[in-house]
Amino acid sequence: MLIRCFRLKRIYCKVLLLLTVLATVCLLLYLRSKLPNSPVPSRLVSKENYPFEQKLLAWESKIIKGLGDEGEPAFLDGEDAIEGEKALKKYALNTVLSDRMPLDRKLRDPRNRKCKDLKYSPTIKASVIVIFYNELMSVILRTVWSVILQTPSHLLQEIILVDDCSTDENLKGLLDHYIATRLQNYNINVIRLKHRLGLIRARLQGAREATGDVLIFLDAHCEATKDWIEPLLSRIEEDHTAVLVPIIDVIEANNMGYSTNGDSSFQVGGFSWSGHFTWIDIQDENDKNKVTPIKSPTMAGGLFAINRNFFWDIGSYDEQMDGWGGENLEMSFRIWQCGGRLETVPCSRVGHIFRDFHPYSFPDDKDTHGINTARLAHVWMDDYKRLFFMHQPALENNPIVGDLTHRKQLRQKLRCQTFKWYLDNVYPEKFVPDENVSAYGQARTEFDMCLDDLQLPDDKVGPLGLYQCHQFLAVSQYFSLSRRGELRKENFCAEVFNKRDVQLTECHGHKREQYWILYKNGTVYNPATRKCLSSDGVEMGKGVKVERCRGGVFQRWVFTHVNATALPG
Ligand code: UD2
Ligand code: MN
């Protein structure tokens, strides 16, 4: 008909044709405007995953461009702000804000200026392993994107995501669809565990699948920054027994701000005798500005790089550790005692969302941190385990701790050093409450009252208290008088305030207010105030004080163990 129309050259026919074409174009344009603007090639969206695509598009359309760029703290308005506050209380994270923030947000380069001049040219590749259990999808994906964007592709073998049997439905089909449609050009492998295995065995599963020269483990709420991977890989290429930790910066859980500790100061890992990881400030002035790796006695556990073969050779993880906790100290002690090194790399920085509480629960409500730590104490700490079990007496001979044969065999096979060797060579600053001290144990008055920390939380300053002596030596009443004259508990020292009150506060090593002399007659003298420690008039549960020295029962303290030869007359 068309041909005939042209042949006929009738004007009305031409007009009709033009109108038809115009109408078709309009219809197409109209239909297109009704379709969401998908960035995804249509061949990747099938009938089955169409609902996922819709959901992702709806989410993506709400992402606010530029929000949180440069790692700046971000804030939402109105209802979103209120919902964000609620989420923070529920998940220890502002999930509303995270969902609105671009997954590939730009971060400023947080490194020390001197790092920027260093050139690294590693030739080995990493497998980055990210484990998760019910984490927020946008947070997991931001972790993944940061790795992709900050890692030169020739250094990245693959990213392995291990889902520790999450129950959150979004982390199944929707996450898979995101990876298939938005990350299809990258080598990302998702492992779904059939049962919840806990973070230790989840990491092991990831490691088993990995094929890179180096394994880099990350928590599922991290953001890598510029050139983070080069110094890690270079150092491992130089020494395959070096296990490395980046500087772990803080991403604020409420506003996602990326904050650093300042340019030239940072911390390495320590531990407390209660079996917890602690941060220790770099003491050595020369180390503070360093850009080369610095020895670290322990690691926090979530973010580290290790040569893949070395990981297996040195005993990977204790597979009988459940849930969460303890594996980081186990690995730290083992690495040092069995011939490796643990180092913090100042020029590699990765942010981590530190949450105030675990947003997930543990099966059976077991104290997995305690049990796992009891396992490592038995295997790696020799006699020093006495100091841990003082904090956890119920775990000392408890079958719940499980069989240790394999780990003890491993220690023998690898001919590892003793824990004393570790303390002497790796962590000589660590205070051992019953070694090289003038006195330790309970400090008792004649009225059966003892010095007591009154259950002071680890991170607080509080009074050095007085309480009825316990029948057994419990941690709350365990004090030492160090050779330096500190009356201390782990990292807390008794210090005189206002020339009268005595507080437990962080040990400074040089403060005169923290300096005490124990005389053979039981007087505890503070030369700074020229006063003596006294229980006179102090009620049970209240703080002791210093008073003019006048002898007598209130100023006499009897320690359970005294090295009499070390005391002045
Ligand atoms: C710290 C470590 C963490 C781990 C832990 C001790 C850092 C920054 N973080 O606690 O990596 O070493 O100490 O065990 O050093 N997860 C599972 N299955 C579970 C529970 C958790 O896969 O049953 C995942 C979780 O989603 C996260 C990772 O394990 O990606 C670590 O858990 P976390 O972030 O709650 O631990 P965190 O940072 O408090
Ligand atoms: Mn974490």
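**Ligand 1 and its surroundings**

Reply: In this predicted model, a polar atom in the side chain of H352 sits 3.2 Å from an oxygen atom of ligand 1. Y360 also places a side-chain N or O atom 2.4 Å from an oxygen atom of ligand 1. On its own, ligand 1 would expose 730 Å², of which the protein buries 93%. The ligand is surrounded by 23 residues, and the closest are E135, D164, G325, E327 and Y360.

Next, the helix packing. Helix α3, residues 50-62, packs against helix α7, residues 173-182, at an angle of about 80°, and their axes are 10 Å apart. Angles of 65 to 115 degrees count as roughly perpendicular, so α3 and α7 are roughly perpendicular to each other. From α3, the residues in contact are F52, E53, K55, L56, L57, W59 and E60. Their counterparts in α7 are G173, L174, H177, Y178, T181 and R182. Sorted by class, this contact consists of six nonpolar, three polar and four charged residues.

Last, the loop position. K520 lies in the loop that runs between β21 (517-518) and β22 (524-526). Apart from neighbours within four places in sequence, K520 contacts A564, L567, P568 and G569. The C-alpha atom of K520 is 9.9 Å from that of W557, a residue 37 residues away along the chain.

Technical notes. Residues numbered from 1 in each chain as written. Chains lettered and ligands numbered in written order. Predicted model: local features only at pLDDT ≥ 70, side-chain atom pairs only at ≥ 80, totals over all residues. Heavy atoms only, no water. Axes fitted to C-alpha atoms, helices over the stretch in contact; angles between N-to-C directions. Helix = DSSP H or I, 4+ residues; strand = E, 2+ residues; numbered from the N terminus. Parallel < 35°, antiparallel > 145°, perpendicular 65-115°, else oblique. Contact = heavy atoms within 4.5 Å. Nonpolar A, V, L, I, M, F, W, Y, C, P; charged D, E, K, R; others polar. Near = heavy atom within 4 Å. Polar contact = N/O pair within 3.5 Å; in protein donor to acceptor, adjacent residues only side chain to side chain. Areas by Shrake-Rupley, 256 points an atom, 1.4 Å probe, with all protein chains shown as cover.
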